[in-house]
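Work through the exercises below with the model open. Try each task before reading its solution.

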Amino acid sequence: MRFTDGFWLMRSGVDAHYARQAYALDARPGALVVTAPTRVVASRADTLNLPVLTVTVAPHLPGVIRVRIEHHTGGGEPLRFATAPADGGSVRVGEDGAGIVTSGSLEARVAPGAPWNLSFSSGGSRLTASGHRSQAWLRLAPDAQVDAPPVGLPRSGTYVHEQLDLGVGTHVYGLGERFGPLVKNGQTVEIWNADGGTSSEQAYKNVPFYLTDAGYGVFVNEPGHVSFEVGSEAVQRVQFSVAGESLEYFVIAGETPAAILERYTALTGRPADVPAWSYGTWLSTSFTTDYDEATVTSFLDGMRDRDLPLSVFHFDCAWMRELQWCDFVWDDRVFPDPEGMLRRLHDRGIKVSIWINSYIGQQSPLFAEAAAAGHLLRRPDGSVWQWDLWQAGMGIVDFTSHAAVAWFQDKLRGLLRQGVDAIKTDFGERIPLDVVWADGSDPERMHNLYTERYNAAVHAVLEEERPGEAVLFARSATAGGQQHPVHWGGDSTSTYASMAETLRGGLSLSLSGFGFWSHDIGGFEGTPDAGVFKRWVPFGLLSSHSRFHGSDSYRVPWLFDVDESAPDSAVSVTRRFARLKNRLAPYLIAAGHEAAATGLPVMRPMVLAFPEDPTARPLDRQYLLGPDLLVAPVFSEAGDVELYLPAGTWTSLLTGERATGPGWRRERHGFDSLPLYVREGAVLPLGAREDRPDTDHLDGLVLRAFPGVPGTREVAVAGAVFAVETTADAVRAAGPAGTWRLQVGDAVADAVDGVAVLPLPSA
């Protein structure tokens, strides 16, 4: 949201009051409180008729400092995100009169007097600062000539903004799952959840956190609408503004983007771990297609008969009767024996996922029940809030009510006890403002936060009923939502361009604290041609989670080619990469454990994996899957790919070809291939089974080493730890006794008494 007219002027109708000086600095226990008048106070007369900002600077966690800017405080404490409690740090006023707040290596310094200057440094190096005309309280006239807020959000009469400067060459990332350029410099970003598909500036997962490649990130602790101007309105700064009388943010230091993410997720919550079976192939009924148990059985038989691995079958909306979503009752016209059907699916070794949303259509018998019990959102006049967009007369479950949460969870608990294993939590973005919440929450602040309450409620009941096995498939999210995986990229179209924008969204989300991510293989809207489908399959199966799903057409692979037996048919391509992913399960599970422990995502943008390489920083058409696999999806029918290999020797996992970086490569790939490179020094733990990911991975495990410089790499698999040492002439692996093997190039050695050794291959 832009308030200025160029460098010198304000836009018509904008009355801006900037922090001009640090007039008084009070070092209190746990916080520095600064009185910041909006004009320089040189005499007593200057204290009259003067807006004053109170700026609180406080240590929070090691490497994390909190800043709160307040004008009028009589409105009470606004709703904010849940964050970890403060722990440690120091506050003092120095000999020069400056206020100094220290937390780990991060230091905030408020210079006394004028001009206003709040600077942040780490290890003696300056990170960023709030300087002249940075912090402001703004009053807008009714006819102020400022940008309109997102659709449906009324403009406020007052705003607070902060501006933090951008160093030369600093790149900004994150802000949720955004489908435009990965680097956010030059963009206006509105943090406001919307159901806008993947081909618009709107986003399902808005996160008011940005990460830089300059040693810091910033989390704006405001769950309502936050408007970011990223080197746009003020090209030397990042501005963030919110409606009202206060604004709170955290500065998070880290030597690398990974270190910043680790601290950010320590503040807002780490991703939960996910079960091994969830890494396998998911197949869906699709959305508006016709299906019954016979259809489902034919899909499962088709996958089995074609030797296509399948771990999860998903029932989309129409497992319930039309006009009644959600009533949590199987439509007995097409699924007359749900318990028996679920048992038959489990007998095949298939897990079951079902679709839900948090809306109750008026035709559902549950609508009257929920309305009478007060479980639905109300209008100010006390009536249930309803509309006809999506489900006729639908109401929205109020997750600020403990009773409503318990009621909703109880409906889900019955389904889980029937045999459902996973839940797709769809929607949660179009949350109205003309409502009254059960706990009195501000509707503007609950708009984005709603999805966190929704997904948390569902994830909690899954954890209760499926300890250690809980997994969602969620579309909407905000800060903290990473605690309830998995998330998928929403409604794409069946085109190469949409495939690329989908990847950009996933990488952006990965830089926003989310550890696991998926997308609809083949695209959602429309029916992909065979080329799009076959290019999307390897990309989808080399993502953390993999689901075949569409809108009005099925996504079973045999529908896309006449000759299924051809090596580049959709069936063959699916078979190859589904099998490969299942063999990679020990590697992916280890990456998932790392995500849960540190916040480092399974799918890693190149800037996250290679922060020291300037060429890697803007790349958004390739990524690392886990720590060692570089994936470059193919976005054209012809198969031409441009990719960048960072420094070192890289080996194609599919062909064994070796290439040396740093440098760009141009390659052409058939439908059954893509650039998939293993970095030098990697040790890939490969399972023996190709049919499923949830097996005994120690039985027949292969440790495939790609030797680099001498050293030792530890690999954890199923609770066992293997030490793989590379010397000048050999590779030696040591681990528990068992049936595992070591592979280097084409050579393989069986473990004997827990040790396997192979000579280094000749160059």
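**Exercise 1. A hairpin and its neighbour**

Which residue stands opposite V33 in β5?

Solution. The residue opposite V33 in β5 is D26. A word on the basis: this is a predicted model, in which local features need pLDDT of at least 70, side-chain atom pairs count only at pLDDT 80 or more, and totals for chains, interfaces and linings use all residues. Residues are numbered from 1 along each chain as its sequence is written, and side-chain values use heavy atoms, with hydrogens and water left out.

Step 1. Place the strands. β4 covers residues 24-28, and β5 covers 31-37. Strands (E, at least two residues) and helices (H or I, at least four) are DSSP runs, numbered from the N terminus.

Step 2. Pair them. β4 and β5 run antiparallel and are joined by five bridges. Two strands pair if DSSP finds at least two bridges between them.

Step 3. Look at the turn. The β4-β5 hairpin has two residues between its strands. Within this hairpin, G30 has a positive phi near 85 degrees.

Step 4. Go on to β6 (52-61). It runs antiparallel to β5, with six bridges. T35 has T54 in β6 as its bridge partner.

Step 5. Check the cover. Six of the seven residues of β5 are buried, so the strand is mostly covered. Buried means under 20% relative accessible area, exposed over 50%, and partly exposed in between (1.4 Å probe, protein chains only).

**Exercise 2. An enclosed strand**

Why is strand β14 largely enclosed by the rest of the structure?

Solution. Step 1. Count. β14 spans residues 158-165, and eight of the eight are buried, so the rest of the structure largely encloses it.

Step 1. T158, V160, E162 and L164 point one way. Y159, H161, Q163 and D165 point the other way. All are buried.

Step 2. Find the partners. β13 (residues 136-140) runs antiparallel to β14, with four bridges. R139 is bridged to T158 of β14. β20 (residues 237-243) also pairs with β14 in the antiparallel sense, over seven bridges. There, E162 has F240 as its bridge partner.

**Exercise 3. Backbone angles elsewhere**

Solution. Step 1. P115 is in the loop between β10 (106-110) and β11 (118-122). Omega for the A114 to P115 bond is near 0 degrees.

Step 1. N49 has phi near 55 degrees. F427 has about 65 degrees.

Step 2. N49 is in the loop between β5 and β6. F427 is in the loop between β27 (422-425) and α6 (443-465).

Step 3. N49 has 78% relative accessibility and so counts as exposed. F427 has 7%, so it counts as buried.

**Exercise 4. The whole chain**

How many helices and strands are in the protein chain?

Solution. Step 1. The protein chain has 11 helices and 46 strands.

Step 1. Test the size. For 763 residues, a compact globule would have a radius of gyration near 27 Å, and the chain's 27 Å agrees. The radius is taken over C-alpha atoms, and the globule rule is 2.2 Å times the number of residues to the power 0.38. The C-alpha trace spans about 85 × 70 × 45 Å along its principal axes.

Step 2. Take the burial total. Of the 763 residues, 61% are buried.

Step 3. Check sequence separation. Among contacts with a separation of 6 or more, 67% join residues 24 or more positions apart.

Note on methods: Contact = heavy atoms within 4.5 Å.
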